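Biologist: I have not seen this structure before. Please show it, and then I will ask how its labels were reached.

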Amino acid sequence: MSTVQNTQLYNLSQLEMLSRGDQGFVDKMLNSFTGNLKDGIKEITDAYRLHDWNTIGKVAHKLKPSMLVLGVTSLKETIIYLEQNQKGENVDEKEISNRVEGFLEKCGILLMQIQQISNN
């Protein structure tokens, strides 16, 4: 198992604060997040195959608020990068490809971790 897989990629403290002790709320938010993340991974994977940087940026933008609430700080810089490069103008394809591949790998690990704590 890699170091990334052993590292917890999320922090629920902000979500728990927002929930004010309501575990049902936390569970609902985690379920919503896992569904959105699954969809996002598929959309980004499909767009990546087509070099559709605009779609990748839009999907990253949609995922950003949930990632922030769940304290996924390790992906913050990459999400901002993908958002900013969505226009496809003067895109460094090697750089964006590396970022997308790393993002998808970490998102897969994050999804597994969240599913383990939420029983999805």
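Biologist: Why does Asp46 count as partly exposed?

Modeller: This is a predicted model, and the values are computed from it. Asp46 has a relative accessibility of 30%. Buried would need a value under 20%, and exposed a value over 50%. Because 30% lies in between, Asp46 counts as partly exposed.

Biologist: What makes Lys42 exposed?

Modeller: Lys42 has 52% relative accessibility. The cut-off for exposed is over 50%, so Lys42 counts as exposed.

Biologist: And why is Arg49 called exposed?

Modeller: Arg49 is at 61% relative accessibility. That value is over 50%, so Arg49 counts as exposed.

Biologist: What makes the pairing of Lys42 with Asp46 a salt bridge?

Modeller: The closest N and O atoms of Lys42 and Asp46 are 2.7 Å apart. A salt bridge needs a side-chain nitrogen of Lys or Arg within 4 Å of a carboxyl oxygen of Asp or Glu, so the pair qualifies. Both residues lie in helix α3, four residues apart, which is about one turn of the helix.

Biologist: How do you know that Arg49 and Asp46 also form a salt bridge?

Modeller: Their side chains meet at 3.3 Å, N to O. The limit is 4 Å, so this pair counts as well. Arg49 and Asp46 are three residues apart in helix α3, and therefore about one helical turn separates them. In general, an α-helix has 3.6 residues a turn, so residues three or four places apart point the same way.

Biologist: Which residues are linked in a network of salt bridges?

Modeller: Lys42, Asp46 and Arg49 are linked in this way. The structure holds six salt bridges.

Biologist: How do you know that the reach of α4 is close to the expected one?

Modeller: Helix α4 has 17 residues and reaches 25 Å from its first C-alpha to its last. At 1.5 Å a residue, 24 Å is expected.

Biologist: Where does α4 bend?

Modeller: The bend is at Leu63, by about 35 degrees. A proline, Pro65, follows within four residues. Gly71, which follows α4, has a positive phi near 65 degrees.

Biologist: Which residues of α4 are buried, and what do they pack against?

Modeller: The buried residues are Trp53, Ile56, Gly57, Val59, Ala60, Leu63 and Met67. They pack against α3, α5 and α6.

Biologist: Which residues touch the most other members of the largest nonpolar core?

Modeller: They are Leu37, Met67, Phe103 and Leu110, in a core of 34 residues. Helices α3, α4, α5 and α6 each supply at least two residues of this core. The largest share, nine residues, comes from α6.

Biologist: What does Phe103 touch?

Modeller: Leaving out residues up to four places away in sequence, Phe103 touches Ile44, Leu63, Met67, Leu75, Thr78, Ile79 and Leu82. In helix α5, Thr78, Ile79 and Leu82 are among the buried residues.

How values were computed. Residues are numbered from 1 along each chain as its sequence is written. This is a predicted model: local features need pLDDT of at least 70, side-chain atom pairs count only at pLDDT 80 or more; totals for chains, interfaces and linings use all residues. Side-chain values use heavy atoms; hydrogens and water are left out. Buried means under 20% relative accessible area, exposed over 50%, partly exposed in between (1.4 Å probe, protein chains only). The expected span of a helix is 1.5 Å times one less than its number of residues. The bend at a residue is the angle between axes fitted to the seven residues ending there and the seven starting there. Contact means heavy atoms within 4.5 Å. A nonpolar core is a set of buried Ala, Val, Leu, Ile, Met, Phe, Trp, Tyr and Cys residues joined through side-chain atoms within 4.5 Å.
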